[in-house]
Amino acid sequence: MSFGPPPSPYTQSAVAADQARRRRRNRVVGGTVAVLLVVALCVGGGLLWSAGDHSAPADHKAAAAPQSPDDVRSTVEKVPTSPEGQEVIEHYAEHLEKTTDANPRYAPGTWATGKILAKAVANRVEGYRIKPHYDETAWTLDLGGYICASSRHVTADGRTAVVIQPPKGEGAGDKGVCDQVVFLDLNTGKKLWQRKMPAATFAYVTNTNLTLTKGVVAVAWGRGSVAYDMKTGKQLWNSTMTSPCEDKGFAGGGALLALVGCGEAPDTTYKVQRLDPRTGKNLWTYKVAAGVEDVYLPSSDPPVLAVAAGDSRVTDLITLDDQGRRLATVSLTGYDAKCDSRSYAGPYFGVVENCDGMVVGPTQVYVMSKENVASDQPSDWIVAFDLTTGKTRGKFEGRELQMVYPLRMSGDELLIYRAGADTLAPAALVSWNPRTDKETPLLLFQLPEEDAYELSDPEQSDIVVEQGRIFFSRRELVRDDDAPKDKVLMAIGYGSAGLKH
């Protein structure tokens, strides 16, 4: 097997130019919008909420279980007294030189705490204060090397990790190698520890995967893997692959799953293993059927696999029990799990656990449909599937010209982002109870018109909900020829005027 250095967006920008990047779609509303406006104004709840939307604040009885500082954060959102949204942050990229779609400035990571919105940009992480001091940079952590991998996970006390290329003066022979792990505090911007990954000669921005689970930071890069203790940065275990099988990546959160690939493409076979995070010991193995081209791990606990069987895109979900035995298979014909959305502008910042079109809960998995282009019908919908049986257990419909996207669980309820319809209907953050089919509005707001589509697209932007606020943050920053250097919107966020923090 040949393992020559793959391209890096930081060392070979010409490669990125070869990627066929989708452009912002022009949404032609015309007469359809006029019809939508009339309908919206006539519905029982007025323009904002129809009578079936259950607009009265609900009493969410589900509460987050007590968490230790080293647990991966699991926040249950509160229902505000009013869903009226107000802007809490609006941050523009500073001193952004002229860039192009083929060679953007990469911003691979967004995290939020109660006080800070943190953003990874190129070779640094920045923290921005949330209102009343919004748009003020609270701290900047210069990493020295460019960011190769990040995780969506954050600990209960606000820490996370990134993988970077060697800082200047410490580089390996190949400038594209990614061999440093940095663990940081998002509230203060303090670097807690930094470690050099062992034998990471073949770790690149194209194949490095990073995750967090209780007390452990784990990294896999195909030809090796390593795990560190969160508190001390002490190496717990590592694996250098000398057999035909490789650790492709990890899924963290409530447990630690490893995706293992064996053999060369196109004949690679896969298996999924649950590991003891502290020792790396294999607890069970599930062998994926031959013929599967790719595998993603959108959830470790409960274990769920998204597989591309006979296709380059995900075709099915496989649910497992806590011993790695198959429970059900769900066909994704007509659905869009968006597991490959991180390769939007090229095969960079790949992670095996991010599927932006689906969310896994304790007993159900929620998947968005493909976009529906028929007029006078919902733009899309979200369907709940039972993890044990694979049967449908509920459906949440979008609206005409208003796509809906599953974001994350909040206790036993699903947080959903509903895109706005230009100036006719606001964007919304809602909470959906699939057992009662009750929808609770959490926030209503209006994104800037010129940026709304790109920010609303989970293939182009991170959408993060934390402590009563929703944030939209671009993964790539591009400045057009006529745009000022400091007028490229990087991130924007909204909170409720009726929720005190």
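Q: Is Arg159 buried or exposed in this model?
A: Arg159 counts as buried, with a relative accessibility of 8%, and this is a computed value, since the structure is a predicted model.

Q: Which residue does Arg159 form a salt bridge with?
A: Arg159 forms a salt bridge with Asp70, and the closest N and O atoms of the two are 2.5 Å apart. The pair links distant parts of the chain, because Arg159 belongs to strand β8 while Asp70 sits in the loop between α2 (30–42) and β1 (85–93), 89 residues apart. Asp70 is buried as well, with a relative accessible area of 12%, which is under the 20% cut-off.

Q: And what is the bridge partner of Arg159 in β9?
A: In β9 the bridge partner of Arg159 is Asp185. The strands β8 (residues 159–164) and β9 (residues 180–185) run antiparallel and are joined by six bridges.

Q: What order do the strands of that sheet have?
A: The order is β7-β8-β9-β10, an open sheet of four strands with antiparallel pairing. Its edge strands are β7 (147–150) and β10 (191–196), each of which pairs on one side only, and neighbouring strands of the sheet are turned by 25° against each other on average, with direction ignored.

Q: How do the two compare, buried or exposed?
A: Asp71 is buried, at a relative accessible area of 15%, whereas Lys214 is partly exposed, at 45%.

Q: How many salt bridges does the structure hold?
A: The structure holds 23 salt bridges. Among them is the one between Glu126 and Arg124, whose closest N and O atoms are 2.6 Å apart; Glu126 counts as buried at 11% relative accessibility, and Arg124 counts as buried at 19%. Salt bridges that share partners also join Arg73, Glu77, Arg408 and Glu466 into one network.

Q: Switching topic, why is strand β21 said to be largely enclosed?
A: Five of the five residues of β21 (residues 316–320) are buried, so the strand is largely enclosed by the rest of the structure. In a regular strand the side chains alternate between the two faces of the sheet. Both faces of β21 are covered, with Asp316, Ile318 and Leu320 buried on one side and Leu317 and Thr319 buried on the other.

Q: Which strands does β21 pair with?
A: Strand β20 (residues 303–309) pairs with β21 in the antiparallel sense over four bridges, and in β21 the bridge partner of Leu305 is Ile318. Strand β22 (residues 326–331) also runs antiparallel to β21 and is joined to β21 by five bridges, with Thr319 standing opposite Ala328 in β22.

Q: What about the turns, which residues take a positive phi there?
A: In the hairpin of β20 and β21, which has six residues between the strands, Gly310 in the turn has a positive phi of about 70°. In the hairpin of β21 and β22, with five residues between the strands, Gly324 takes a positive phi near 80°.

Q: How many aromatic pairs are there?
A: The count comes to eleven aromatic pairs. One of them is the stacked pair of Tyr405 and Tyr417, with 6.2 Å centre to centre and 15° between the planes. Tyr405 lies in strand β27 (residues 404–410) and Tyr417 in strand β28 (residues 413–418), so the pair ties together parts that are twelve residues apart in sequence.

Q: Last one, where is Thr208?
A: Thr208 is in the loop between β10 and β11 (209–213), and Thr208 is buried, with a relative accessible area of 0%. A polar atom of the Thr208 side chain lies 2.6 Å from the backbone oxygen of Tyr204.

Key. Residues numbered from 1 in each chain as written. Heavy atoms only, no water. Pairing = 2+ DSSP bridges. Helix = DSSP H or I, 4+ residues; strand = E, 2+ residues; numbered from the N terminus. Axes fitted to C-alpha atoms, helices over the stretch in contact; angles between N-to-C directions. Buried < 20%, exposed > 50% of the residue type's maximum accessible area, 1.4 Å probe, protein only. Phe/Tyr/Trp six-rings, centres within 6.5 Å; stacked < 30°, edge-to-face > 60°. Polar contact = N/O pair within 3.5 Å; in protein donor to acceptor, adjacent residues only side chain to side chain. Salt bridge = Lys/Arg side-chain N within 4 Å of Asp/Glu carboxyl O.
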